[in-house]
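Dear colleague,

I am passing on the structure we spoke about, and I would be glad if you could look it over with the notes that follow.

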Amino acid sequence: MAKILAVCGSPRNQATEYVLKKALEHLEGREGIETEFITVRGKKIAPCNGCGYCKKNKTWCCIQDDCQELLEKFMAADAYLIGSPVYCYSSTPQIAAFFSRMRPLFHVYPELMRDKLGSALAVGGTRNGGEEMAVNNLLAMMMARGINIVCNEVYGYAGGFVWSQDKGPDGVEMDQPGMNGVLKLADKLADMALIREYGKKALACAADQ
Ligand SMILES: Cc1cc2nc3c(=O)[nH]c(=O)nc-3n(C[C@H](O)[C@H](O)[C@H](O)COP(=O)(O)O)c2cc1C
């Protein structure tokens, strides 16, 4: 089984959460794929303060908040679909805080993220309001954590781009090309997650021979 974890970077249960859940719903029933959804909404996640505790001691962050609980689910997944609303031409400070707190992952389990996969989508209130910037920002944060990027199909480019018109789920449903792009992205991520899963098994077999 390959587990795809959708991570929502919105502090609200509105457009972005809706889009991510639609993507997971689309993958339901696909053989070999299981899905899970997590969100920063309602969670206390302070940004990293650069104290160096994790790096120096090769251990988990000393800040006590909700981050560890989310990180445990993050570590257990094989592939990520990260979604964020566009905030000020970028992704949200909430998702950036979450990524900043992943620094101990590298120090505790240096190899853990090496073969994980990730894709990104952004939901903006304005058409061309910075969805591409937000997606690029999410991809950059994943790369900074060693996650391998899965882009969208040809003509889908870097990821998923949806226009909400600031109207929540009703708004994104009006952006059918945007929603279709998200489903294609989810399909491609699932395909790659399965290829990774079978590839790992093949490598293990080859090593046994
Ligand atoms: C603080 C803030 C900044 C925003 N900045 C932008 C922006 O730069 N570009 C844009 O298109 N929409 C911007 N928006 C609108 C949101 O991206 C849009 O309403 C989105 O659908 C919200 O996602 P959500 O419904 O999942 O919370 C901003 C909204 C907020 C609250």
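Helices (H or I, at least four residues) and strands (E, at least two) are DSSP runs, numbered from the N terminus. This is a predicted model, in which local features need pLDDT of at least 70 and side-chain atom pairs count only at pLDDT 80 or more, while totals for chains, interfaces and linings use all residues. Residues are numbered from 1 along each chain as its sequence is written, and side-chain values use heavy atoms, with hydrogens and water left out.

The ligand first. Among the polar contacts (pairs of N or O atoms within 3.5 Å), an N or O atom in the side chain of Asp166 lies 2.5 Å from a ligand oxygen, whereas the backbone of Gly129 places an N or O atom 2.8 Å from a ligand nitrogen. Of the 640 Å² of accessible area that the ligand has on its own, the protein covers 75% (Shrake-Rupley method, 1.4 Å probe).

Now the surface. Val154 sits in the loop between strand E5 (148–149) and strand E6 (160–163), and it counts as exposed because its relative accessibility is 71%, the cut-off being over 50% (1.4 Å probe, protein chains only).

Technical notes. Buried means under 20% relative accessible area, exposed over 50%, partly exposed in between (1.4 Å probe, protein chains only). A polar contact is a pair of N or O atoms within 3.5 Å; within protein, one must be able to donate a hydrogen and the other to accept it, and residues adjacent in sequence count only if both atoms are side-chain atoms.
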